[in-house]
Amino acid sequence: MKYLFIITILVSLSCLLAMEVTTASNIDLKRYAGKWYEVARTPNPFQRACSSNTTAEYYLQNDKIKVINSCKKSNGELKQIEGQARVVNKDNSKLKVSFVRVFGKNIFWGDYWIIDIDDNYEWALVGEPHQRYAWILSRSQEMNQETLKYIISIAVANGYKEDKFRVTKQYLE
């Protein structure tokens with residue numbers, strides 16, 4: 001019983017001490033829309049089959065955003081999924097996304113937070129509030145190492161682990 005109490009206290013303290021993820025401010029969704037190349041990501045279950053050329057495309061549709069994620073599987077086959085996003089804060093930096101539709105309605109909404117973004121919308125760091133998943137996106141298929149290290153340092157400042165990021169292979173099209 002004593003050990004259970006100590007473990008409960010330690011878990012509670014670690015939750016209190018966890019870094020809070022901050023988001024960018026005043027995201028211009030018109031500028032954010034379009035095609036992004038994934039430069040790096042933390043491992044996640046929904047991209048297990050993706051081995052290269054991962055992209056995300058965003059299309060504004062009134063109060064919703066159409067999302068098309070695609071990648072190449074190791075056998076060269078294209079994997080693609082379409083979903084929907086909606087904004088949930090006034091800065092347009094916190095969105096909810098869903099890739100699951102049942103009877104024509106999106107269900108199982110997940111957090112999609114724009115943590116930081118380049119002033120010219122050339123790169124973005126996207127994640128979620130529990131620091132489980134993160135993506136580094138770029139408007140081009142290549143990113144210099146200095147910029148990548150800088151973006152990862154922003155992720156680390158938001159509680160992500162540097163060693164969790166994996167660079168995505170982008171074979172030039």
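I count a residue as buried under 20% relative accessible area, as exposed over 50%, and as partly exposed in between. I keep this cut-off at hand for the entries below. The model I am working from is predicted.

**Entry 1: Lys 73 and Glu 77**

I looked up Lys 73 and found a relative accessible area of 25%, so I list Lys 73 as partly exposed. Its salt-bridge partner is Glu 77, with 3.6 Å from N to O between the side chains. For Glu 77 the relative accessibility is 41%, so this residue also goes down as partly exposed.

**Entry 2: the search for salt bridges**

How many salt bridges does a search of the whole structure find? I noted four. I wrote up the pair of Lys 73 and Glu 77 above, and two further pairs follow, Asp 111 with Lys 96 and Arg 132 with Glu 128.

**Entry 3: Asp 111 and Lys 96**

I read a distance of 2.8 Å, N to O, for the salt bridge between the side chains of Asp 111 and Lys 96. This pair links distant parts of the chain, 15 residues apart. Asp 111 sits in strand β8, residues 110-117, and Lys 96 sits in strand β5, residues 94-98. I then checked accessibility: Asp 111 has 27% and is therefore partly exposed, while Lys 96 has 24% and is therefore partly exposed.

**Entry 4: Arg 132 and Glu 128**

I found the side chains of Arg 132 and Glu 128 in a salt bridge, at 3.4 Å from N to O.

**Entry 5: the disulfide**

I turned to the cysteines next. The structure holds one disulfide. Which residues form the disulfide? The pair is Cys 50 and Cys 71, and I noted 2.1 Å between their sulfur atoms.

Methods
Residues numbered from 1 in each chain as written. Predicted model: local features only at pLDDT ≥ 70, side-chain atom pairs only at ≥ 80, totals over all residues. Heavy atoms only, no water. Disulfide = S-S within 2.5 Å. Buried < 20%, exposed > 50% of the residue type's maximum accessible area, 1.4 Å probe, protein only. Helix = DSSP H or I, 4+ residues; strand = E, 2+ residues; numbered from the N terminus.
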